[in-house]
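Here are my notes for you to read alongside the structure. Keep the viewer open and find each element as you go.

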Amino acid sequence: MNTKAKVALITGAGQGIGRAIALRLAKDGADIAIVDLKKDKMDAVAQEVQALGRKATVFVANVTSRDQVYAAVDHAEKELGGFDIMVNNAGIAQVQPLAEVTPQEVETIFKVNIEGVLWGIQAAARKFKARGHKGKIINASSVAGHNGFAMLGVYSATKFAIRGLTQAAALEYASDGITVNAYCPGIVGTDMWVEIDERFAKLTGAPKGATYQKYVEGIALGRAETPDDVAAFVSYLAGPDSDYMTGQAPIIDGGIVYR
């Protein structure tokens, strides 16, 4: 997908899916603003982006802070000379039976997974309008935003919420030429799924790796998803071929949940 001469900001871009999205959009021709909490990881991704011949800048920000997200967008514009694409990718998982979820756990995951996306939507839309041009906002949901999963109830709730925010934002910003869509991955082989598997092992007594393998075996295409699989779809959402698409949250999971 051609995003040449565009500037894209990706939150949670220091590793995993976020890193893959940053590199894919760089390959597509975009300059990349990398936002995360760990500067050493961001610096490594920035070097990879630069090796592809694109500009890169890093900004340490916690997406739960509205001010920090707005500052990250301002930084991207200043350092890269524009602002065109916002990928609200940062998120965390939580594996816990509903009966045992604590108020602190709810507050933490809601702040990262929901508020972090909301602040990103706000900051990006404001910047696009200030610059007087169209823009793309792309949010991370999940197959768990279409189906609820046992032991992932609160996580699922946050990802359902992203679909609602995406639809509402698409309606509110359509007249400004801003499209808002989401992507819904399945079982992706990242550090997050290592943590999910370990938590399931503690709760259920299953051997480490067994829960991950169980879910992978349920994928119609017969393999786990890779970060590059997700990034390829985000490339479409970020590019001109999706210009007539807004308010949608398609599933890209290899065949787990069907809609």
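Predicted model: local features only at pLDDT ≥ 70, side-chain atom pairs only at ≥ 80, totals over all residues.

**Notes on the sheet and the helices around it**

1. The strands β1 and β4 run parallel and are joined by 3 bridges.

2. Now look to the other neighbour of β1. Strand β1 (residues 7-11) runs parallel to β2, and 5 bridges join them. Two pairs to find on screen: Ile10 has Ile34 in β2 as its bridge partner, and Thr11 stands opposite Val35 in β2.

3. How many of the residues of β1 are buried? The count is 5 of 5, so the strand is mostly covered, taking buried as under 20% relative accessible area. Val7, Leu9 and Thr11 point one way, while Ala8 and Ile10 point the other way.

4. Next, follow the chain out of β1. It passes through α1 to reach β2, and this β-α-β crossover is right-handed. Helix α1 (residues 16-27) lies across β1, β2, β4 (85-88) and β6 (178-185), running at about 170° to β1.

5. Keep going and there is another unit: β2, helix α2 (residues 39-51) and β3 form a right-handed β-α-β unit too. Strand β2 (residues 31-36) pairs with strand β3 (residues 56-60) in the parallel sense, over 5 bridges. Val35 turns up again here, standing opposite Phe59 in β3.

6. Time to zoom out. In what order do the strands of the open sheet come? The order is β3-β2-β1-β4-β5-β6-β7, which makes 7 strands with parallel pairing. At the edges are β3 and β7 (251-252), each of which pairs on one side only.

7. Over in strand β3 is Val58. With neighbours within four places in sequence set aside, Val58 is in contact with Ile34, Lys39, Met42, Asp43, Ala46 and His75.

8. From C-alpha to C-alpha, Ile32 and Gln68 are 18 Å apart in space and 36 residues apart in sequence. For Val58 and Gly145, those figures are 29 Å and 87 residues.

9. Moving on to helix packing: two packed helices are described by the angle between their axes and the distance between the axes. The axes of helix α6 (residues 191-204) and helix α7 (residues 210-217) come within 7 Å and cross at roughly 115°. The two helices are therefore roughly perpendicular to each other. At the contact, Trp193, Asp197 and Phe200 in α6 meet Ala210, Thr211, Tyr212 and Tyr215 in α7. These residues divide into 5 nonpolar, 1 polar and 1 charged.

10. Where is Met151 found? Look in the loop between β5 (135-140) and α5 (153-173). With a relative accessible area of 27%, Met151 is partly exposed.

How values were computed: Residues numbered from 1 in each chain as written. Heavy atoms only, no water. Pairing = 2+ DSSP bridges. Helix = DSSP H or I, 4+ residues; strand = E, 2+ residues; numbered from the N terminus. Right-handed = clockwise from strand over helix to strand, strands pointing away. Axes fitted to C-alpha atoms, helices over the stretch in contact; angles between N-to-C directions. Parallel < 35°, antiparallel > 145°, perpendicular 65-115°, else oblique. Contact = heavy atoms within 4.5 Å. Nonpolar A, V, L, I, M, F, W, Y, C, P; charged D, E, K, R; others polar. Buried < 20%, exposed > 50% of the residue type's maximum accessible area, 1.4 Å probe, protein only.
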